[in-house]
Every structure is written in C-alpha cells, then in structure tokens.
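Here is a short note for a colleague who is new to this structure. Please read the points with the model open.

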Amino acid sequence: MKTFSSHYIVLVVLVLTTIVISSLEVEAGTCKPSGKIKGIKPPQGKCKKGFNSDCCKPGESYTTYKCSPSNRRTVLTTNSFEKGGDGGGPSECDNQYHSDDTPVVALSTGWYNNGSRCLHKIIVKGNGRSAVAKVVDECDSTMGCDGDHDYQPPCPHNIVDASPAVWKALGVPRENWGNLDEGGDGGGPSACDNRYHPNNTPVVALSTGWFNNRKRCLRKITIKGNGRSVMAKVVDECDSAMGCDKEHAYQPPCRNNIVDASPAVWKALGVPRAKWGNLAITWSDA
C-alpha cells in the first residue's frame, strides 16, 4: 500500500452526472420562490420512503415555487406511481395508478403548466441513452407536508420525478437510483469507463501524475479528512496538462495535488454542504 500522506492534498467538488430533458419548451424568465411552508410531523406510518423520499420535519421551513427555471437545469428523481407507493394518491392527469414497469413521470409545477402537458410524452436523455415517458402527474412545488402529498416537502422547481422503468431504460444501476443532476461541472464522461456517475456515488478524479496513465482507473483509494475516512473509486483524470477547452468544460488545468471528488465523498467525510470546496486530506491506495 503506497501512502501519500506527506503531500498537502486539496479535495474539491466534482459533479459527474448529466441528465437532459430534451423535449420541454420552458417558459422564459427567472423563476423565483413564491413563499415558504412550515413542516409538520407526519402521522405514524403515513410518510413512505420507498425511493429515498424525504419526510417533512417539524418546524423546518420549505421553499415553494409557482414556476420552473427557463435554463432547463433538471434533476431526475425516482418515484413509485403504484398504489401504496411513495407518490401518494393516484396520478393527477388520469386519476389512476401506474406500474413501476411503465415509463411515466411527474413534472415540477412550472413545467407541468396547469396540466397542459398531461398525457403528453417527453424524451429523457442521460447515461448515453434515452427514454420516452408519459407525463401523468404534477410534482407539486407549491404545497407539501400534508396527506395529499404523502407528508413530503414541496417539490423543487426543477424536478422530473420518474418511475423505475425510466431509470431502467437509461441503464442506471438500481443502487444509483435517486438523483441525477443535469449540467455537472466535470465536462464529458469519465475517462476510465466513458460513463457519467451519480452524485450519490463516491468517485474521484486524480491529478495527472497520480492518475498515472490510467493505472489507477477503476481502483479504489482511501481518503482521510475531517476526522473520518471514505473509500472512493478512481474514474477520471483531473488533467494537469490541458484545460480551457470544451473537453475540460473550459476550466483551467488541474493543479498537481488534486483529488476531485463527488458530493458523496464530501458527505461521507461529514463536511457540511456550505463548506464543500477545498479540504486538506491524505489518501492511499486501498
């Protein structure tokens, strides 16, 4: 095991996922919050958490929206539209439940557009694949924390809430279902496997010297920092030789002492979201 503890290493945030909703024609303009609601404690057994859904927390403030952003920055989430699933009541567009094997979605309030997209189909592209899905429901950005919304918080304004069938069609492994965020700052797919990786997967890119001509590709390293440790897979190079072009998302060349990490790594190290950015760490081959 080779250790690099003698170096001062900087851990920086890397978002490696890309999901694009290609068929939505979103209204122009800036989407601003419309208000806030206070969370309440869900009655016993009334908030279902089948696909990592959040339950409202008593006293917590949740932002509401009546619009969706015009820049199409979209987060794909997972929802069961079956009876007894985490989607609450039947779908708004047809007052029916839908099998997890059927590719259907709910759109944030602004994109749902007062039901004008009901039962229309959209094309979801991501992970090198595409899927056609039918809009059957609204992911309500204006209300939440009540029985009609399964005691879950209001939906963010940029959500496409998809059935398991959509995730399967995109070829995303079951353990990675949850949130895929469009527009990651990692540029193209990872060099080691030519794939994008969800934010909830602990993966890293290493500076050119440590990447060592791909010799660490898909191997795991142990990262220590903030009094904790986490194991992460090497999936990409943080290029110290090139930069400032499309392939590198128009970012400068990487410094020679960088471990560029997904949000999952930061969470595992217990670093508060507001402090993500740079952290002194040590790392070693696992």
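Which hand does the disulfide of Cys 93 and Cys 118 have, and why? The torsion about its S-S bond is about -85°, so the disulfide is left-handed. The points below start from that pair and move on to the rest of the chain.

1. Basis. This is a predicted model, in which local features need pLDDT of at least 70 and side-chain atom pairs count only at pLDDT 80 or more, while totals for chains, interfaces and linings use all residues. Residues are numbered from 1 along each chain as its sequence is written, and side-chain values use heavy atoms, with hydrogens and water left out.

2. Overall build. The chain has 4 helices and 15 strands. Both are DSSP runs, numbered from the N terminus: helices are H or I with at least four residues, strands are E with at least two. Of the 286 residues, 49% are buried. Buried means under 20% relative accessible area, exposed means over 50%, and partly exposed lies in between (1.4 Å probe, protein chains only).

3. Cys 93 and Cys 118. The structure holds 6 disulfides, each a pair of cysteine sulfur atoms within 2.5 Å. In this one the S to S distance is 2.0 Å. Cys 93 sits in the loop between E5 and E6, and Cys 118 in the loop between helix H1 (109–112) and strand E7 (121–126), 25 residues apart. Cys 93 counts as buried, at 18% relative accessibility.

4. Two right-handed disulfides. The sulfur atoms of Cys 31 and Cys 67 are 2.1 Å apart. Their S-S torsion is about 90°, so this disulfide is right-handed. Cys 31 is buried at 14% relative accessibility, whereas Cys 67 is partly exposed at 22%. Cys 238 and Cys 254 are joined with an S to S distance of 2.0 Å. Here the torsion is about 95°, so this disulfide is right-handed. Cys 238 lies in strand E13 and Cys 254 in the loop between E13 and E14, 16 residues apart.

5. Salt bridges. A search of the whole structure finds 2. The criterion is a side-chain nitrogen of Lys or Arg within 4 Å of a carboxyl oxygen of Asp or Glu. Asp 285 pairs with Arg 216, the closest N and O atoms being 2.8 Å apart. Asp 285 is in strand E15 (residues 280–285) and Arg 216 in the loop between H3 and E12, so the pair ties together parts 69 residues apart in sequence. Arg 216 is buried, at 10% relative accessible area. Asp 101 pairs with Lys 168, with closest N and O atoms 3.9 Å apart. Asp 101 is exposed, at 61%.

6. Largest nonpolar core. A nonpolar core is a set of buried Ala, Val, Leu, Ile, Met, Phe, Trp, Tyr and Cys residues joined through side-chain atoms within 4.5 Å. The largest has 21 residues; among those touching the most other members are Val 204, Leu 206 and Ile 221. E13 gives the largest share, 3 residues. Apart from this core lies another of 19 residues, including Trp 111 and Trp 167.

7. Strand E11. What covers this strand's place in the picture? 5 of the 5 residues of E11 are buried. E11 pairs with E13 in the parallel sense over 5 bridges, and pairing requires at least two DSSP bridges between strands. Ala 205 stands opposite Asp 236 in E13. E11 and E14 run antiparallel, joined by 3 bridges. Leu 206 stands opposite Val 259 in E14.
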